[in-house]
2 protein chains.
Amino acid sequence: MRTVYHEQLAELADQLGRLCGVTAVAMQRATHALLRADDTAAEEVINDHDQVVALRKHAEENAFALVALQQPVAGELRRIVGSIQIAADLDRMGALAVHVAKIVRRRLPNHVLPNEVEHHFAEMGRVAVELARCAQEVLMTRNADKAAYIRQQDDEMDELHRQLLTTLMDRDWKHGVPAAVDIALLGRFYERFADHAVEIGRRVVFEATGAVLPEQEIGTY
Amino acid sequence: MRTVYHEQLAELADQLGRLCGVTAVAMQRATHALLRADDTAAEEVINDHDQVVALRKHAEENAFALVALQQPVAGELRRIVGSIQIAADLDRMGALAVHVAKIVRRRLPNHVLPNEVEHHFAEMGRVAVELARCAQEVLMTRNADKAAYIRQQDDEMDELHRQLLTTLMDRDWKHGVPAAVDIALLGRFYERFADHAVEIGRRVVFEATGAVLPEQEIGTY
């Protein structure tokens, strides 16, 4: 029999899943804005961030209410407190999409990206959104295999990020310093977005299985 | 009369304060390594990060034990769960010092910084360490005025960061793209370090007074 308590737990998982879906949409839209120099899309990402902040607060409040009223023990307590930390990761993912959108807007009507790295960011965007979608599924199903898949995808993101920096550092780079600075920071935003998705997967698996996954390595950048 | 519970709460605050002190030392040393191209200092920052990770885990475990065993209500629950989030911010501050140290090591025996921006990073380093020291004091004394001072200092960091980007984007920049990319990322690491210190102050004040401080703005970068 499902108790009210278990319904509240399921509702909390659901809220986090929805919030994760919102960050996936934000990053997809931010990437579109970046690739097309699309002001409307960039503005939407920035304006919609309020929704992320509100959903995060709501999830946090529910988590606190669950701990205070239900006094859960051991594993369930970790899971509920973990939800608060996951909500913080998701908020940050949303903020990183906003960072991308803000760089797009500052360079309008110009494009931030020279042709040479457009494909690169299309790929980073694709991987970032896929990671957020996987994290969403992990949150809603607690599927540990999917969390392992997130780590693989993150390796792909790290590789894309490394290649990007190599391109920027190359003597043949012809697009000047301001473009390189923008692109270095953009690369960092995508990479951090991915790191937060990995962290969410790691946390859910830890809570579900008690297995301690290896810490995220601190990358070179 | 102080109960065991209150002693445990005080011990938790103390642990976070110590951890914050460790991150201040890490950023001080990383800045020294950056300004002097000092391999030994950079290596120390990287190796000592284990200490940050261990202290964070220890604080987290103590916080969980407090919630599970003492079943605190309302305000105290928020404070204890807040400690777990603060420990995560501190872990991240340590990781950002490691990022600085890693950039230093990759360019050795060369200096990362052209003379032109050395003073700039000396200042950013000074403000970052001061912010961490303030956050440490806030954690140990719960002094709300000091938390407001953190926000002021953070404004100074944001201003330094803006100036740095202006310098990089200037047509007169003579040090090439690779140096600009390194410096843009370094600037970001100092700015994020400061943001985490502000977040700690914000959280402590919220827990101490119930006042909701304004959300951190999402900066342009």
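This is a predicted model: local features need pLDDT of at least 70, side-chain atom pairs count only at pLDDT 80 or more; totals for chains, interfaces and linings use all residues.
Trainee: What makes chain A and chain B copies related by an axis?

Mentor: A rotation of 180° with 0.0 Å of shift along its axis superposes chain A on chain B, at an RMSD of 0.0 Å. The two copies are thus related as by a two-fold rotation axis.

Mentor: Residues are numbered from 1 along each chain as its sequence is written, chains are lettered from A and ligands numbered from 1 in the order in which they are written, and side-chain values use heavy atoms, leaving out hydrogens and water.

Trainee: How do you know which surface the copies meet through?

Mentor: Look at the contacts (heavy atoms within 4.5 Å). Of the interface residues of chain A, 100% are also interface residues in chain B, so the copies meet through the same surface.

Trainee: What decides whether Cys20(A) is called buried or exposed?

Mentor: Relative accessible area decides: buried is under 20%, exposed is over 50%, partly exposed is in between (1.4 Å probe, protein chains only). Cys20(A) has 0%, so it counts as buried. Ala37(B), at 18%, is therefore buried as well. Arg142(A) has 25%, so it counts as partly exposed.

Trainee: What makes the phi of Arg142(A) worth a look?

Mentor: Most residues other than glycine have a negative phi, and most peptide bonds are trans. Phi of Arg142(A) is near 55°, a positive value in a residue other than glycine. Phi of Ala37(B) is positive too, near 50°.

Trainee: Which kind of peptide bond joins Leu108(A) and Pro109(A)?

Mentor: That bond is cis, with omega about 5°. Pro109(A) lies in the loop between helix H4 (74-107) and helix H5 (115-141) of chain A. Helices are DSSP runs (H or I, at least four residues), as are strands (E, at least two), numbered from the N terminus. The bond from Leu108(B) to Pro109(B) is also cis, with omega near 0°.

Note on methods:
Copies are superposed by least squares on the C-alpha atoms of residues with pLDDT of at least 70 in both.
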